[in-house]
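Trainee: Could we go through this model together? I would like to begin with the overall layout and then turn to single residues.

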Amino acid sequence: MPQHPPASRICRDCDGFATAAITTGTRRPDGTRQTLPVTCPTCKGTGRTAPAGALATVRR
């Protein structure tokens, strides 16, 4: 029985790590650092993208 490739692929921009925590450099009173969650703009935080064939548009 043939195996089909998955319908979506890992995002090439974030390599599947869709959300990253970036430190702002400031510290809170308890000594911990303040972080901001940032999502990948290409995959919109999912970690996966559609295959290239699915993104192609037909010109007439």
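Mentor: The following conversation covers the fold, the hairpin, the cysteine core and a few individual residues.

Mentor: Please keep in mind that this is a predicted model.

Trainee: Which elements does the chain have, and in what order do they run from the N terminus?

Mentor: The chain contains 1 helix and 4 strands. From the N terminus on, the order is β-β-β-β-α.

Trainee: How many bridges join E2 to E3?

Mentor: There are 6 bridges between strand E2, residues 19–27, and strand E3, residues 33–39. The two strands run antiparallel.

Trainee: What lies between E2 and E3?

Mentor: E2 and E3 form a hairpin, with 5 residues between them. Gly31, in the turn, has a positive phi of about 100°.

Trainee: Which residues other than glycine have a positive phi?

Mentor: Asp15 is one of them, with a phi of about 60°, and Lys44 is another, with phi near 60°. Asp15 sits in the loop between E1 and E2, whereas Lys44 is in the loop between E3 and strand E4, residues 48–49.

Trainee: Are those two buried or exposed?

Mentor: Asp15 counts as exposed because its relative accessibility is 55%. Lys44 also counts as exposed, at 68% relative accessibility. The cut-off for exposed is over 50%.

Trainee: Changing topic: what makes up the largest nonpolar core?

Mentor: That core has 5 residues in all: Cys11, Cys14, Ala18, Cys40 and Cys43. As background, nonpolar side chains tend to be buried together in soluble globular proteins.

Trainee: Where is Cys14, and why does it count as buried?

Mentor: Cys14 lies in the loop between strand E1, residues 9–10, and E2. Cys14 counts as buried because its relative accessibility is 14%, and the cut-off is under 20%.

Trainee: What does Cys14 contact, leaving aside its neighbours within four places in sequence?

Mentor: Cys14 is then in contact with Cys40, Cys43 and Gly47. Cys14 and Cys40 are 26 residues apart along the chain, and their C-alpha atoms are separated by 6.4 Å.

Trainee: And which residues does Cys43 touch?

Mentor: Not counting residues up to four places away in sequence, Cys43 touches Cys11, Cys14, Ala18, Arg48 and Thr49. Among them, Cys11, Cys14 and Ala18 belong to the core together with Cys43.

Trainee: How much of the chain is buried?

Mentor: Buried residues account for 10% of the 60 residues. The accessible surface of the chain comes to about 5500 Å², and 56% of that belongs to carbon and sulfur atoms.

Trainee: One last item: what share of contacts between residues at least 6 apart in sequence joins residues at least 24 apart?

Mentor: The share is 48% for this chain. The pair Cys14 and Cys40, which are in contact, is 26 residues apart along the chain.

Conventions:
Residues numbered from 1 in each chain as written. Predicted model: local features only at pLDDT ≥ 70, side-chain atom pairs only at ≥ 80, totals over all residues. Heavy atoms only, no water. Pairing = 2+ DSSP bridges. Buried < 20%, exposed > 50% of the residue type's maximum accessible area, 1.4 Å probe, protein only. Contact = heavy atoms within 4.5 Å. Areas by Shrake-Rupley, 256 points an atom, 1.4 Å probe, with all protein chains shown as cover. Core = buried A, V, L, I, M, F, W, Y, C linked by side-chain atoms within 4.5 Å.
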